[in-house]
Amino acid sequence: MKLGALDISTVKLGTNQVQAVYQGGNLVWQNAPVATAATGVGQTSFTANWNAYTGAVVYLLDVSVSSDFSTFVYENQQVNAPTTSYVVIGLNPNTTYYYRVRASTEALTDADYQAVLDYATTQGYTLPSASQQLLQNQLVVDLKDGGIWSKLDTFAVFATDGDSDFALIDWKRLTDYTAINSPTFTADEGFTGNGTSSYISTNFNASTSGVNYTLDDASRYFYLRGNSNSNTLESSSEDATSNQNSVQNTMRAVSTTRNCRINSGLLLAVAYNYMTTSLEMKSLHRTSSTDITAFRNTDGTSNTMTSQGIPNANQIILRGGVFYNTAQVSMYAMGASLIAENTDFVNAFDTYLTSI
Amino acid sequence: MIVLHPNTEQYNALNGYRYKSSELLFVKDGSDRWIVGTQVLNDPNFAEIHDALNKLERIEYTPFPPEPEE
């Protein structure tokens with residue numbers, strides 16, 4: 001995304017006196033679309049205007065009551081080029097408003113992220129804020145640039161200021177995860193289990209629906225935000241009797257666990273001090289019939305664990321058999337092994353999390 | 001910890017209720033009783049069945065023995 005610079009105009013409503021203040025000397029970016037004087041000033045509205053910027057595909061308009069734009073009335077309101085004006089409505093009389101404009105020479109929204117927004121709109125879900133949509137779009141762009149997006153089968157971002165239904169969208173499959181028994185949703189953080197009955201079903205069965213996730217080339221990602229008990233974090237089992245000693249996909253949140261399995265019924269040969277730290281991206285990768293790597297963020301440990309099969313069940317989060325976790329999870333993903341791409345994945349999601 | 005426990009009639013009426021991305025599925029506790037956490041009372045997607053959920057018996061949750069460490 002390439003954004004041009006900004007300029008600022010002010011308008012005071014209710015007086016019909018318009019001020020347009022050029023502040024080009026303070027611009028950080030060059031070749032800005034210059035905001036010009038507002039027109040059509042009424043009691044509760046005005047028309048923001050700006051000069052065209054050569055090559056612009058879309059303009060972003062901010063409106064604020066503060067000259068430093070520390071708060072927003074409108075934020076990143078998109079106006080498609082070649083239009084160079086926008087009617088700002090719903091304002092208060094006798095109030096000074098400031099507006100600024102940026103230009104983008106590229107389409108703002110990645111097609112796959114736009115598909116997520118379109119799906120959510122169709123379902124009647126509450127979309128994230130405009131500013132967070134830009135960050136989520138950038139996340140998709142970063143995952144594509146890092147060669148990650150195309151290797152994922154399922155991907156959900158629970159940390160959002162959209163509603164809980166938006167948080168459960170599978171961005172890869174354009175369908176929904178299911179929140180079973182109301183894990184608590186916290187905006188911009190994710191879902192927290194209650195330790196007794198709540199969990200999330202991905203509705204993704206890698207055995208029947210996996211494309212990138214295969215027997216000997218597979219990965220699973222879980223962003224642990226905090227408050228995990230010692231129970232299983234995610235698994236392929238709602239069955240109380242099959243949680244152990246069968247072909248499983250599991251991650252477990254205990255310091256000495258060997259119960260991290262990927263397409264295997266066998267336990268890891270060596271225990272990991274792996275799962276207790278929160279605010280951390282945990283992932284398991286299988287790169288062959290014998291080789292696996294467990295990552296805490298970008299810190300990987302390799303080991304051997306023979307593949308036996310892909311569990312034929314929907315992968316579930318915050319539950320393993322009769323055991324329920326109290327952790328908070330901010331993201332989940334499954335796909336092909338991402339050993340080489342792991343650092344980019346961790347960095348891209350960390351950038352997103354720290355920006356929202 | 002207090003959880004919600006349905007009788008047979010309530011179980012049949014409520015189990016499997018879905019709205020948008022939320023679903024209600026009673027699970028067993030350590031005493032082999034169907035239960036669900038009280039968080040369902042605050043789920044906006046369960047607004048339609050809120051009154052029925054609020055009529056479920058409140059009982060003390062029986063935990064399972066700790067998950068074995070392997």
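## Surroundings of A:Thr39

Setting aside neighbours within four places in sequence, A:Thr39 touches A:Phe46, A:Thr47 and A:Asn49. The model is a predicted one. A:Thr39 belongs to strand S3 of chain A, which covers residues 35-39. With a relative accessibility of 41%, A:Thr39 counts as partly exposed. A:Ser85 lies 46 residues from A:Thr39 in sequence, and the C-alpha atoms of the two are 9.5 Å apart.

Chain B has two helices and six strands, and their order along the sequence is β-α-β-β-β-β-α-β. The C-alpha trace of chain B spans about 40 × 25 × 20 Å along its principal axes. Chain B has 70 residues, of which 41% count as buried. Of the contacts in chain B between residues at least 6 apart in sequence, 64% join residues at least 24 apart.

Four strands of chain B make an open, antiparallel sheet in the order S4-S5-S1-S6. Its edges are strand S4 (27-28) and strand S6 (57-60), each of which pairs on one side only. S4(B) and S5(B) run antiparallel and are joined by two bridges. In this part of the sheet, B:Lys28 stands opposite B:Trp34 of S5(B).

## Interface of chain B and chain A

The contact involves 35 residues from chain A and 26 residues from chain B. About 2300 Å² is buried between the two chains, and carbon and sulfur atoms give 45% of this area. There are 11 residue pairs in polar contact between chain B and chain A, counting pairs with both residues at pLDDT 80 or more. On the side of chain B that touches chain A, the elements that give two or more residues are strand S3 (22-23) and strand S5 (34-37) of chain B. S5(B) gives the most, with three residues. By class, this side of chain B has 14 nonpolar, five polar and seven charged residues.

Strand S12 of chain A (residues 178-180) and S3(B) pair in the parallel sense over two bridges. Within S3(B), B:Ser22 stands opposite A:Ala179.

## Salt bridges within the chains

Side chains of opposite charge can pair when their charged atoms come close. Over all chains, the structure holds 10 salt bridges. One of them joins A:Asp110 to A:Lys144, with 2.9 Å between the closest N and O atoms. These two residues are 34 residues apart and link distant parts of the chain: A:Asp110 sits in the loop between strand S8 (96-104) and helix H1 (111-123) of chain A, and A:Lys144 in helix H2 (residues 130-145) of chain A. A:Asp110 counts as buried because its relative accessibility is 15%, whereas A:Lys144, at 31%, is partly exposed. A network of salt bridges links A:Asp110, A:Asp112 and A:Lys144.

A:Lys151 and A:Glu341 form a salt bridge through their side chains, at 2.7 Å from N to O. This pair, too, links distant parts of the chain, 190 residues apart: A:Lys151 is in the loop between H2 and strand S9 (152-157) of chain A, and A:Glu341 is in the loop between strand S26 (328-335) and helix H5 (342-355) of chain A. A:Lys151 is partly exposed at 29% relative accessibility, while A:Glu341 is buried at 13%. In chain B, B:Glu23 forms a salt bridge with B:Arg18, and the closest N and O atoms are 3.3 Å apart. B:Glu23 is buried, with a relative accessible area of 13%, and B:Arg18 is partly exposed, at 43%.

Note on methods. Residues are numbered from 1 along each chain as its sequence is written. Chains are lettered from A and ligands numbered from 1 in the order in which they are written. Side-chain values use heavy atoms; hydrogens and water are left out. Buried means under 20% relative accessible area, exposed over 50%, partly exposed in between (1.4 Å probe, protein chains only). Contact means heavy atoms within 4.5 Å. Buried area is the accessible area (1.4 Å probe) that two parts lose on being put together, summed over both. A polar contact is a pair of N or O atoms within 3.5 Å; within protein, one must be able to donate a hydrogen and the other to accept it, and residues adjacent in sequence count only if both atoms are side-chain atoms. Ala, Val, Leu, Ile, Met, Phe, Trp, Tyr, Cys and Pro count as nonpolar, Asp, Glu, Lys and Arg as charged, and the others, Gly among them, as polar. Two strands pair if DSSP finds at least two bridges between them. A salt bridge is a side-chain nitrogen of Lys or Arg within 4 Å of a carboxyl oxygen of Asp or Glu.
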